[in-house]
Amino acid sequence: MMEPLVSVIIVNYNGRRYLKDCFDSLKANTHKNMEIVFVDNGSRDASIEYVRENYPEIKIMDIGENAGLAIASNRGASIAGGEYLFFFNNDTKADEKMLSLLVKAAADPGVGICGCTTLTYDGKAVINSGVACDIYGYPYGDGEPLYVDAAIFIKRSVFDEIGGFDPEMFLYGEDRDICWRTFLYGYRVVVVPEAFFLHDSFCSMKDGAYTTNIWKRHVGERNLIRSLLKNYSAGNLLWILPRYAVLSLMELAAFVALGRFRVVYSAYLKAYWWNMKRLGDTLRLRKKIQSERR
């Protein structure tokens, strides 16, 4: 029996230094029926030239500008031919059995998305094994994972059914949103603990702790609000949204008291305004999701 085709979709932005390790680890996997789709978001480090010269078998899509992770992922999916789509970060190295384990787990008809155990790039520590969230959608300690990140293995049929990634979510939270919608459509999001990969999270970590900045905070907050408005049922939204508003006001008051007015404006107020401008589109998507949820 022939193995199902897995389309590995890798979005890249100036990540040439990672590509050899990432590609070679995928090619060494025990699951051999695989294609790699490389989507470049306007890199300036000759990433495309490197791939063309060293990996001519890889499909390349040159977007020509930084369109963000969600749009680039959707475009990569549009030229992928696999029964399974695997959205894999470029700053990664896959274990040789990873794809085989994911394919096996995804054969369950009730499963929509599979994720992995994520290790640090040196392989010495676990970063996560899925991400649990509080009721507002913020990552929160241990518990049942709501979403998986950096490596999202999804059935093509499920991806098409739920509409792919939300193109308005440039970065940060697009993974939580697609997993949340997969769950709403009646499929399970599962972690396959034995399937693992190494991930270089240097860009978001310093001295072992996760860091942020005003732009990341802004994008994360605006995407979170959009997900809450789209995905929660009316009953849940009616009691969660006021509590979220109170918490946000408390945070705003604290930043004002500290004199950090730029954070208030750029991270919070701009996020609220961004959602106000897109409220019609958000409500249109909400109507579709809520009418189709199972």
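A residue counts as buried when its relative accessible area is under 20%. In this predicted model, both Phe88 and Phe197 are buried. The two rings form an edge-to-face aromatic pair, 5.3 Å centre to centre, with 75° between the planes. Phe88 belongs to strand S4 (residues 84-88) and Phe197 to strand S9 (residues 188-199), so the pair ties together parts that are 109 residues apart in sequence. Both residues also belong to one aromatic cluster, formed by Tyr84, Phe86, Phe88, Phe153 and Phe197.

Tyr172 is partly exposed, with a relative accessible area of 32%. Trp215 is also partly exposed, at 42%. The aromatic pairs number 15. Another ring contact involves a charge: the charged end of Lys93 sits over the ring of Tyr121, 4.4 Å from its centre.

The largest nonpolar core holds 33 residues. Leu26, Phe86, Phe88, Met98 and Phe153 touch the most other members. Helix H4 (residues 98-106) gives the most to this core, with five residues. Another core, of 29 residues, lies apart from it and includes Val39, Ile152, Ile162 and Tyr187. Beyond four places away in sequence, Phe86 touches Val6, Ser7, Val8, Ile9, Met98, Leu99, Leu102, Ala151, Ile152 and Phe153.

Conventions:
Residues are numbered from 1 along each chain as its sequence is written. This is a predicted model: local features need pLDDT of at least 70, side-chain atom pairs count only at pLDDT 80 or more; totals for chains, interfaces and linings use all residues. Side-chain values use heavy atoms; hydrogens and water are left out. A nonpolar core is a set of buried Ala, Val, Leu, Ile, Met, Phe, Trp, Tyr and Cys residues joined through side-chain atoms within 4.5 Å. Buried means under 20% relative accessible area, exposed over 50%, partly exposed in between (1.4 Å probe, protein chains only). Helices (H or I, at least four residues) and strands (E, at least two) are DSSP runs, numbered from the N terminus. Contact means heavy atoms within 4.5 Å. Rings of Phe, Tyr and Trp (its six-membered ring) pair if their centres lie within 6.5 Å; planes under 30 degrees apart count as stacked, over 60 as edge-to-face and the rest as tilted. A charge sits over a ring if NZ of Lys or CZ of Arg is within 6 Å of the ring centre and within 35 degrees of the ring normal.
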